[in-house]
Amino acid sequence: MSSDNKNKRFNKDGKQAGNRSAQGRPRDSVPSKPGFAARAAATKILSAVIDRKTPLDGMLDAEGGNPAYKALGDSDRALVRAILNSALRHLPRIEAAISSLLDSPLPEGARALHHVLVVGAAQMLYLDVPDHSAVDIAVEQANQDPRNRRFAKLVNAILRRIGREKAEILSRVADVPAMPAWFLSRLEAAYGKDAALRISETQLEPAAIDVTVKSDADGWAKRLNGVVLPTGGVRLAAFEGSIPSLDGFADGQWWVQDAAASIPAKLFGSLAGKRVVDLCAAPGGKTAQLILAGGKVTALDQSANRLKRLAANLARLGLEAEAVVADMAKFQPDELFDAALLDAPCSSTGTTRRHPDVLWTKGPEDIAKLAGLQERLLRHALTLVKPGGIVVFSNCSLDPEEGEDLVARILSGTDIAERVAIRPQDWPGLEAAISPLGAFRTTPDMLPLSGFASGLDGFYAVVLRRTR
């Protein structure tokens with residue numbers, strides 16, 4: 001299976017073969033143009049992401065998601081996901097392409113029309129969908145919406161030009177940064193212009209599937225047709241079928257976890273005989289790592305439902321931890337711990353390869369707010385371990401305001417903690433990810449692999465020791 005939308009094949013109506021409705025009847029028997037419902041759902045969801053800053057994952061949830069999405073059959077849902085992922089990854093370029101073909105800007109308030117054009121253009125420029133299908137249904141969408149009916153001929157003209165001039169248009173917009181300007185400027189300030197552009201280009205490709213194994217990474221790499229990573233995990237090549245169908249999943253020999261996400265728990269080393277708290281623990285991948293490192297683990301999360309998911313994940317792996325439902329900021333243990341892992345809630349800007357909506361649902365004000373929350377949580381986490389105890393702080397943000405800056409502020413304003421430098425020589429293959437101050441800073445353009453999807457999530461991780 002590959003998550004790369006470019007490899008999805010659709011028939012002449014822009015649907016995967018064998019498409020059936022949620023009720024099991026052929027979708028062609030539904031009284032509308034074939035594929036119309038999928039495009040209409042994609043347009044509604046894109047509008048919610050861009051205009052209302054609604055996270056994509058919740059709207060694509062099979063049970064609690066967007067009603068228009070839930071009403072679709074499996075292959076129509078696959079088409080919706082492919083359209084949305086492509087549209088969000090390439091949005092600045094798609095908008096530039098559309099603008100270049102307009103004699104004058106779209107009228108103010110014509111957001112619904114804008115999204116119809118984006119959905120149509122995304123299919124034609126970045127997906128293997130027949131042009132005539134994308135154009136025909138986009139025109140039908142315009143005709144069925146009273147707000148857009150008078151623009152139906154414009155939709156037809158713009159999308160037909162995209163079809164005729166596709167190669168030229170793609171060349172013309174190739175230099176348009178694929179990230180929103182507000183975030184690209186922050187990346188340039190933090191990493192420099194060249195690195196920022198590399199990161200921007202890397203996030204256009206979907207993330208690989210990485211797994212963390214209990215043991216014998218070389219053996220599991222051979223069984224799963226993968227490659228061992230510098231983190232000790234395994235990266236899978238493209239495969240057919242579902243993840244649960246793969247060898248070793250049902251037996252609990254491994255779990256899915258991005259290579260960067262597996263790093264923080266490894267920074268403790270051996271935890272044999274130590275009491276460890278995993279703060280913000282669900283869904284449990286890091287908890288499992290801490291258990292396998294020998295720790296007696298308390299898994300903390302403020303969501304009872306998320307802890308149920310953690311318990312189910314640990315049960316499959318044959319592992320156990322004490323689960324505690326609590327607000328981490330108010331948590332006061334009866335006895336201090338030897339170590340604590342705080343993988344803090346953040347802007348998630350390092351995960352855009354798998355969550356391309358992040359940069360369109362977040363803004364600078366969200367980063368500032370989340371940085372403030374993380375600082376409060378980290379200050380509290382330091383009080384939960386004994387003097388001499390270790391706290392690993394991490395998150396999947398690329399922004400220093402949520403990482404380097406807040407840690408520097410804490411260390412300069414208190415004598416309760418000191419930095420424990422991570423040594424590059426302890427991480428062969430990832431030396432470039434160790435900062436001069438001895439913290440981990442991964443970026444999506446790292447870890448190039450020949451024959452496998454490259455990159456990893458953007459992560460920050462630092463080791464602190466309580467001094468008194």
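Residues are numbered from 1 along each chain as its sequence is written. Because the model is predicted, local features need pLDDT of at least 70 and side-chain atom pairs count only at pLDDT 80 or more, while totals for chains, interfaces and linings use all residues, and side-chain values use heavy atoms, with hydrogens and water left out.

Two packed helices are described by the angle between their axes and the distance between the axes. Helices (H or I, at least four residues) and strands (E, at least two) are DSSP runs, numbered from the N terminus, and axes are lines fitted to C-alpha atoms, for helices over the stretch in contact, with angles running from 0 to 180 degrees between N-to-C directions. The axes of helix H1 (residues 36-52) and helix H7 (residues 131-144) come within 10 Å and cross at roughly 70 degrees, and the two helices are therefore roughly perpendicular to each other; angles under 35 degrees count as roughly parallel, over 145 as roughly antiparallel, 65 to 115 as roughly perpendicular and the rest as oblique. The crossing of H1 and H7 is right-handed, a term used if the near helix is turned clockwise from the far one by less than a right angle. In contact (heavy atoms within 4.5 Å) are Phe36, Arg39, Ala40 and Thr43 of H1 with Ser133, Ala134, Ile137, Glu140, Gln141 and Gln144 of H7. By class, this contact has 4 nonpolar, 4 polar and 2 charged residues, where Ala, Val, Leu, Ile, Met, Phe, Trp, Tyr, Cys and Pro count as nonpolar, Asp, Glu, Lys and Arg as charged, and the others, Gly among them, as polar.

For H5 and helix H9 (residues 166-173), the axes come within 9 Å and cross at roughly 120 degrees, and the pair is therefore oblique. Arg93, Ala96, Ala97 and Ser100 of H5 make the contact with Ile169, Arg172 and Val173 of H9, which by class gives 4 nonpolar, 1 polar and 2 charged residues.

Helix H17 (residues 364-381) has 18 residues and reaches 25 Å from its first C-alpha to its last, close to the 26 Å expected at 1.5 Å a residue, the expected span being 1.5 Å times one less than the number of residues. Its buried residues include Ile367, Leu370, Leu377 and Ala381, buried meaning under 20% relative accessible area, exposed over 50% and partly exposed in between (1.4 Å probe, protein chains only). Among the elements that cover the buried residues of H17 are helix H10 (181-191), strand S8 (337-343) and strand S9 (385-395). Ala381 has a relative accessible area of 0% and touches Leu279, Met328, Leu342 and Val391, not counting residues up to four places away in sequence. Ala381 and Val391 are 10 residues apart in sequence and 7.2 Å apart in space, C-alpha to C-alpha.

Several loop residues were also examined. His90, in the loop between helix H4 (74-89) and helix H5 (91-100), is buried at 7% relative accessible area and touches Tyr126 and Leu204, not counting residues up to four places away in sequence. Most residues other than glycine have a negative phi, and most peptide bonds are trans. Lys53, in the loop between H1 and helix H2 (56-59), has a positive phi near 60 degrees and is partly exposed at 45% relative accessibility. The peptide bond from Ala282 to Pro283 is cis, with omega near 10 degrees, and Pro283 lies in the loop between S5 and helix H14 (285-292).
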